[in-house]
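Please find below a note on the model, arranged as numbered points.

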Amino acid sequence: MRVLDWNTLDAAERAAALRRPAQEVGEEVSRTVAEVLDEVRRGGAEAVAAFTERFDGVRRDDLLLTDAEVEDALAQVDPQVRRAIAEAAEAIRAFHAPGGARPYVVQEGEDAVRCERVVRPVRSVGLYVPAGSAPLPSTALMLGVPAVLAGCPEVVVCTPPTRDGGADPLVVAACVEVGVRRIAVVGGAQAVGAMAFGAGPVGPCDKVFGPGNTFVTEAKRQVAGMQGGPGIDLPAGPSEQLVVADAGANPVWVAADLLSQAEHGPDSQVVCVADDRDLLEQVAAELSRQAAELPRAGIVTEALGASRLVLVRDLEQAVEVSNAYAPEHLILAVREPRDLLEGVTAAGSVFLGDHTPESLGDYCSGTNHVLPTSGAARWTGGVNLSSFQLSITVQEASSRALSATGGTAVALARAEGLEAHARAVTRRVGEPEGGEARA
């Protein structure tokens with residue numbers, strides 16, 4: 001990988017340097033996903049089963065795992081791994097529990113309108129857990145823990161099938177740990193369609209959660225835009241990471257961090273931005289050396305083809321580049337990371353200092369790893385407890401409160417030309433009708 005000097009690039013070259021791989025195949029992916037969703041909407045469970053057979057090479061007529069299949073999967077998981085799953089779940093619960101939306105009441109005096117916010121769980125949620133080339137039981141924890149904490153009445157997990165037509169045992173173990181046993185063996189855009197439109201025992205769901213490849217992300221985007229379609233958590237597509245490093249950073253550790261995200265898939269992207277060329281060149285050498293040692297070397301090599309090493313003038317400019325990219329994961333591998341944190345305005349999750357690898361956030365620090373990708377960190381954060389809640393506002397007025405405050409509503413309604421709005425107040429308080437209805 002060659003080093004790009006940010007200050008020698010023009011605006012177009014800078015934009016190209018920060019372009020995600022997934023953005024290059026948008027039209028083809030969009031068309032394919034639309035066709036899959038249309039088939040699932042019309043054909044339901046049968047269409048889902050057909051796509052599973054076509055794309056995954058297995059046929060399941062019953063989309064949900066049976067109780068016997070769940071127990072068989074649990075028996076295959078090493079007890080030490082189950083303990084690790086339980087420990088990670090507990091850390092995730094501890095972090096998420098205080099972070100939900102809170103009810104509150106505002107009433108300034110007896111003659112004021114009582115206004116309040118009540119909080120309710122989303123009624124039915126669908127959780128997508130990737131399990132293609134690398135099963136992600138950690139995602140089942142990240143989604144299942146807050147769904148259960150929020151008290152969502154209906155929770156279903158969709159996860160791609162294994163070669164034998166079941167679900168990955170680690171994913172099943174994570175689901176059971178958080179209290180979710182409705183597990184559908186279906187992946188890809190067809191899984192999103194099943195959760196959105198309903199397919200046999202799956203869906204329709206009010207909201208769909210979870211990361212996935214380009215096809216899954218596009219499917220979520222499309223169903224969310226349909227009339228009556230479900231909400232979605234956020235665009236959580238191919239993984240990405242940006243590391244800001246200074247001359248004191250350890251190139252071995254920086255390269256290891258970059259590779260930890262590159263191994264997710266060939267469409268993942270990693271970027272290192274530093275104010276020291278020697279450090280970047282050492283990182284490049286380490287990437288080549290360490291990548292060759294990895295079991296997923298082929299995937300890593302392909303991902304590195306779209307990754308970047310960027311030289312900047314100073315660390316302040318490094319943060320500017322990071323904010324422009326708005327990474328899913330941001331590591332500040334610098335001597336005084338909190339000094340830079342103040343300037344970070346767009347990132348899914350931030351990891352401070354040399355001893356905070358992104359892997360902690362993926363598994364067991366307690367924060368959520370379902371995070372915005374493709375620049376969406378400019379306007380949204382990651383999944384949290386409030387993602388599974390609805391905040392409903394309530395107001396209650398006595399006759400005295402209506403008399404005291406209704407005049408404001410009447411004046412504004414008439415200013416907007418909405419006389420019926422005004423009369424909904426005046427008919428109650430006995431005021432003259434006043435004013436003519438306006439178009």
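1. In this note, buried means under 20% relative accessible area, exposed means over 50%, and partly exposed is in between, with a 1.4 Å probe and protein chains only. The model is predicted: local features need pLDDT of at least 70, side-chain atom pairs count only at pLDDT 80 or more, and totals for chains, interfaces and linings use all residues. Residues are numbered from 1 along each chain as its sequence is written, and side-chain values use heavy atoms, with hydrogens and water left out.

2. The structure holds 2 aromatic pairs; rings of Phe, Tyr and Trp (its six-membered ring) pair if their centres lie within 6.5 Å, and planes under 30 degrees apart count as stacked, over 60 as edge-to-face and the rest as tilted. Phenylalanine 51 and phenylalanine 55 are stacked, because their ring centres are 5.6 Å apart and their planes meet at 10°. Both residues belong to helix α2, 4 residues apart, about one turn of the helix. Helices (H or I, at least four residues) and strands (E, at least two) are DSSP runs, numbered from the N terminus. Phenylalanine 51 is buried at 8% relative accessible area, whereas phenylalanine 55 is partly exposed at 42%.

3. Phenylalanine 209 and phenylalanine 388 form a stacked pair, with centres 3.9 Å apart and planes at 5°. Phenylalanine 209 lies in strand β7 and phenylalanine 388 in the loop between α14 (358-363) and β14 (389-396), so the pair ties together parts that are 179 residues apart in sequence. Phenylalanine 209 is buried at 0% relative accessibility; phenylalanine 388 is buried too, with a relative accessible area of 0%.

4. Strand β7 also takes part in an open sheet of 5 strands, ordered β6-β5-β4-β7-β8 with parallel pairing; two strands pair if DSSP finds at least two bridges between them. The edges are β6 (183-185) and β8, each with a single partner strand, so one side of each has no neighbour in the sheet. Between β4 and β7 there are 3 bridges in the parallel sense, and valine 208 in β7 is the bridge partner of glycine 126. Helix α7 packs on this sheet, touching β4, β5 (154-159) and β7, and its direction makes about 175° with that of β4. Axes are lines fitted to C-alpha atoms, for helices over the stretch in contact, and angles run from 0 to 180 degrees between N-to-C directions.

5. Helix α8 (residues 214-224) has 8 of its 11 residues buried, among them Val216, Ala219 and Val223. Its buried residues are covered by elements including α2 (26-56), β4 (124-128), α7 (188-197), β7 (207-209) and β8 (231-232), where contact means heavy atoms within 4.5 Å.

6. A second topic is the other sheet. This open sheet has 6 strands in the order β1-β11-β10-β9-β12-β13, with parallel pairing. Its edge strands are β1 (3-5) and β13 (349-352), each pairing on one side only. The twist averages 20° from one strand to the next. Helix α10 (residues 277-291) lies across β1, β9 (240-245), β10 (269-274) and β11, at about 170° to β11.
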